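Dear colleague,

I would be grateful if you could read the two side by side.

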Amino acid sequence: MSYDPSFDKAPELLARAARAAGSRPDLTQGGGGNVSIKMGAERMLVKASGVQLKDVTPASGYALVNYGNIRRRIADGPGGENEFSDFICAQALPVKGVRPAAPSIETGFHALLNTVVIHTHSVYANILNMSVEGHALGGKMFPGAEFLPYKSPGPQLCSAINDRARASGPQTFFLGNHGLAVAHAGTEGALELNERVNESIRRGLSLPPYPAVRPSAGLSAHNAARLAHYGRDFILENVLSPDQALYCGPADLDGKGGMDAVNEVLTALFYILDCIKLLKFTPRFLTKSDVAYFDTMKSKRYSRK
Ligand SMILES: [Zn+2]
């Protein structure tokens with residue numbers, strides 16, 4: 001029998017967390033970020049692949065998975081990229097009245113953490129995640145948090161998180177060149193923790209206000225000006241994040257991509273680069289082989305989350 005979401009508060013809570021995290025362009029850009037909520041020992045609702053966080057509702061935009069199986073699989077060694085992604089997709093279970101959807105590519109690490117997990121590509125956390133100096137400073141600001149070096153999304157990142165994951169208690173992960181993940185026993189607690197981390201960085205480092213992101217047919221005026229400042233070649237050759245690798249290719253920079261997402265990702269990228277410079281930090285770019293991973297993934301399964 002299918003799971004009937006109307007008998008449970010979890011879909012409402014998932015949608016609330018997704019809207020709160022997904023309606024701010026300083027926290028999520030394009031299809032980035034995801035939220036999840038566990039129900040009992042085996043079942044978890046998680047944002048679906050290819051859906052934007054702000055579009056998750058109690059009746060759409062998520063998948064139900066058996067997270068117990070995913071946890072056991074990661075503990076045994078998750079296996080290769082495609083194998084692991086097939087395994088995650090095979091854990092999806094039918095939900096009454098909800099269109100079947102593939103779970104997010106990042107479902108693996110959600111399975112490892114406490115009941116509610118909010119994962120965003122927060123620009124504030126990413127100033128720390130994308131600079132040479134950031135994690136050492138972050139360790140002083142958030143003594144209980146975990147700071148992980150960059151791992152490609154998928155089995156590698158899951159294994160790294162598995163080494164530090166606790167199934168209970170609040171937990172904060174700074175993911176190198178990627179984003180922030182917070183886990184908590186409840187939705188309100190997770191939202192508060194997420195907000196507290198972001199505000200502490202924003203205030204602690206006296207960061208400038210985040211620029212407004214306005215819809216535009218091509219590059220927004222703000223992004224065109226920042227691109228001219230940094231130079232097109234510099235942006236194409238120096239990649240800070242998976243999102244930049246996926247959303248900021250030559251055609252995107254020419255204004256010929258899915259421009260809502262491209263403008264959101266570029267505004268975040270330029271904000272992070274500008275703040276790193278303002279703080280007199282050094283940006284830490286992905287290696288050539290880290291970037292090459294996305295060239296193969298782009299043509300296959302990694303569909304912008
Ligand atoms: Zn992510």
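Both faces of strand β5 (residues 116-120) are covered: Val 116, Ile 118 and Thr 120 on one side, and Val 117 and His 119 on the other, are all buried (20 or more other C-beta atoms within 10 Å of the residue's own, with C-beta atoms placed from the backbone). In a regular strand, side chains alternate between the two faces of the sheet. Strands here are DSSP runs of E with at least two residues, and helices are runs of H or I with at least four, numbered from the N terminus.

This is a predicted model, in which local features need pLDDT of at least 70, side-chain atom pairs count only at pLDDT 80 or more, and totals for chains, interfaces and linings use all residues. Residues are numbered from 1 along each chain as its sequence is written.

Strands pair if DSSP finds at least two bridges between them. β5 runs antiparallel to β1 (residues 34-39), with 4 bridges, and Ser 36 has Val 117 as its bridge partner. β5 is also joined to β8 in the antiparallel sense, by 5 bridges; there His 119 is partnered by Ala 181.

β8 (residues 179-184) pairs antiparallel with β7 over 5 bridges, and Gln 171 stands opposite Ala 183. These two strands form a hairpin with 3 residues between them, where Asn 177 in the turn has a positive phi of about 50°.

In β7 (residues 171-175), 5 of 5 residues are buried. Parallel to β7 runs β6 (residues 146-148), joined to it by 3 bridges; Glu 146 has Phe 173 as its partner.

Kind regards

Conventions: Buried ≥ 20, exposed ≤ 12 C-beta atoms within 10 Å, placed from the backbone.
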